[in-house]
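Me: Could you look over this structure with me? I have a few quick questions as we go.

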2 protein chains.
Amino acid sequence: MMTEGDMYIPTYEDMLDAHKRIEPYIRRTPVRVSDYLNELTGAQLFFKCENFQEPGAFKVRGAANAVFGLNEDQAKKGVATHSSGNHASCLSYAAMRRGIPCNVVMPRTAPQAKKDTVRRYGGNITECDPSTSSREATFAQVQAATGGDFVHPYNDPRVIAGQGTCAKEFMEQTDGMDMVVAPIGGGGMISGTCLTLSTLAPQTQVIAAEPEQADDAYRSFKAGHIIADDAPKTIADGLLVPLKERTWHFVSTYVSEIYTASDQEIIDAMKLTWKHLRIVMEPSSAVPLAVILKNPDAFRGKRVGLIITGGNVDLDKLPWLNAA
Amino acid sequence: MMTEGDMYIPTYEDMLDAHKRIEPYIRRTPVRVSDYLNELTGAQLFFKCENFQEPGAFKVRGAANAVFGLNEDQAKKGVATHSSGNHASCLSYAAMRRGIPCNVVMPRTAPQAKKDTVRRYGGNITECDPSTSSREATFAQVQAATGGDFVHPYNDPRVIAGQGTCAKEFMEQTDGMDMVVAPIGGGGMISGTCLTLSTLAPQTQVIAAEPEQADDAYRSFKAGHIIADDAPKTIADGLLVPLKERTWHFVSTYVSEIYTASDQEIIDAMKLTWKHLRIVMEPSSAVPLAVILKNPDAFRGKRVGLIITGGNVDLDKLPWLNAA
């Protein structure tokens, strides 16, 4: 067990335990390649398709690890979280698979499609106002009423250990990589990737990719301490949240570099992937390819893994069509 | 060797030879599943993602089998075809991989994106007027000038044997299926599927799915002879061409049923697949799911394979957005 002060930091063994625990409930997602994108970048790219998880995002790994790790007493009371994104639907999905309650606090302004997905997986939604104070007050009420175990979207050792199972599969599915690039928001996927690769493949660099318009992780990385933005705005709406202590531990210890890309560069990379890999992925998932296209010298000639984090997109509102 | 009159009909052994020949040049595409679509249909669905071939369509299988089966003398003169769709780009791709010329006759009205793809793979385009007489005259000139070997998009035993390799992989990747549903246009994929399954899994039914607005194969099947339409119009633009003798042989001998779906049903199924499988596929590839949703009793409780034939779509013109 590894701790920093009172903070439990998950270990490689926690990740191995997580993988055994969650394997029946997740997909071993395929790795896609594209000759076209390889020629375009001069690198050998491997795309790990976490958008192909049943609920459409890697977050089912951490969520399932938390849900299926609960003892029977706690399981009866279920789980609870606040999220308006993929964590809410993935936690609902995992809870449904175990047959336990899942309570989610969401801002009343969240997109209807996100609410529908949570409800389809049996999640109970309590709406709050779109402010931090309302969210925290509402969540405290819900948790007091239900006794649900709080599963934070990323600052939770069970969640980080779960996300780390993705990098383990990725290494098994390729003959090793020089670097793995993943998007960074709160840092859950990056932390899990660091957790796994720092033991399994310490020579493989972990690189984070962040939207320019929500570059708090980049600035934190350069400053050497967490900087949290108030209300960043970017097309990559899965990457708005700030780092927390546990994810900062991994980012500050293991990440080699953080690159940023503009919203237009993210949209261009997203469309390029849809066209040449023929997969549906979110703007957030396009940030890694966007930074590779923007910094070709850093990647040329390398074997580079990209984690496609999710595929939940409003097909009626594609970002490259909005400009028209 | 099996013939009907002077017509050579490819055999199971031809398909096995084809698979050995083309394996270095094609992808063993993954099979995707969706709990959501299984619940929706009451069937267990398996989607074989041929849209993930490098040039985005199953047609690379037949094209590569023709190209890599040429002797050295013929290879120097290259290949030739007329097509405005995936066959043109897949044949160009295969020829590029062997380093031989590929000449394609295309109507001058073909979409610029299709022409760009052929040229990206090194194909030489000769434009013709958008009429059968102009196409045939132009093609005769091109072939006389180049001596290129004519590779028909589907009525060619090498092409049918190549397409049959998809069903072989599909059976290896699943624990058997009760039925396999594929779109039908000229009948190349359906014929290859019949060729393979009639030997490898004769208990597995082969079912064809066709657009209502281009239902010549359905009417041929019911009438017992080939009926060719003049100029059908449907959103499923990969399925406009009529059956020919070789594909009629397989359709009339082995196909269990042909179902049809309207353009709106095809668009709905396409959007559903993008949303829940998170793959980019063409309208033509959505016809199998459309007919399953339309005829649930025929598929409920069965293990059903669907062949996703291609993923080359104009991302700026998605059919569900055109109505708005």
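Me: In S4(A), what is the bridge partner of A:Val31?

Reply: The bridge partner of A:Val31 in S4(A) is A:Lys48. This is a predicted model, in which local features need pLDDT of at least 70 and side-chain atom pairs count only at pLDDT 80 or more, while totals for chains, interfaces and linings use all residues. Residues are numbered from 1 along each chain as its sequence is written, chains are lettered from A and ligands numbered from 1 in the order in which they are written, and side-chain values use heavy atoms, with hydrogens and water left out.

Me: How many bridges join S3(A) to strand S4 of chain A?

Reply: There are 2 bridges between S3(A) and strand S4 (residues 44-49) of chain A, and these strands run antiparallel. Two strands pair if DSSP finds at least two bridges between them, and the strands (E, at least two residues) and helices (H or I, at least four) are DSSP runs numbered from the N terminus.

Me: And what order do the strands of that open sheet in chain A take?

Reply: The order is S3-S4-S12-S9-S10-S11, with 6 strands and mixed pairing. Strand S3 (31-32) and strand S11 (255-261) of chain A are at the edges with a single partner strand each, so one side of each has no neighbour in the sheet.

Me: Switching to chain B, which way do S9 and S10 run?

Reply: Strand S9 (residues 179-183) and strand S10 (residues 205-211) of chain B run parallel, joined by 5 bridges. One of the bridge partners is B:Ala209 in S10(B), which pairs with B:Pro183.

Me: OK, how many residues of chain B are in contact with chain A?

Reply: In chain B, 31 residues are in contact (heavy atoms within 4.5 Å) with 31 residues of chain A. The buried area, meaning the accessible area (1.4 Å probe) that two parts lose on being put together, summed over both, is about 2,500 Å² between these chains, and carbon and sulfur atoms give 51% of that.

Me: Which residues of chain B lose the most area to chain A?

Reply: They are B:Phe52, B:Arg278 and B:Leu315, which together make up 27% of what that side buries.

Me: How many salt bridges are found across the interface?

Reply: The rule, a side-chain nitrogen of Lys or Arg within 4 Å of a carboxyl oxygen of Asp or Glu, finds 4 salt bridges across the interface of chain B and chain A. B:Arg27 forms a salt bridge with A:Asp35, where the closest N and O atoms are 3.6 Å apart.
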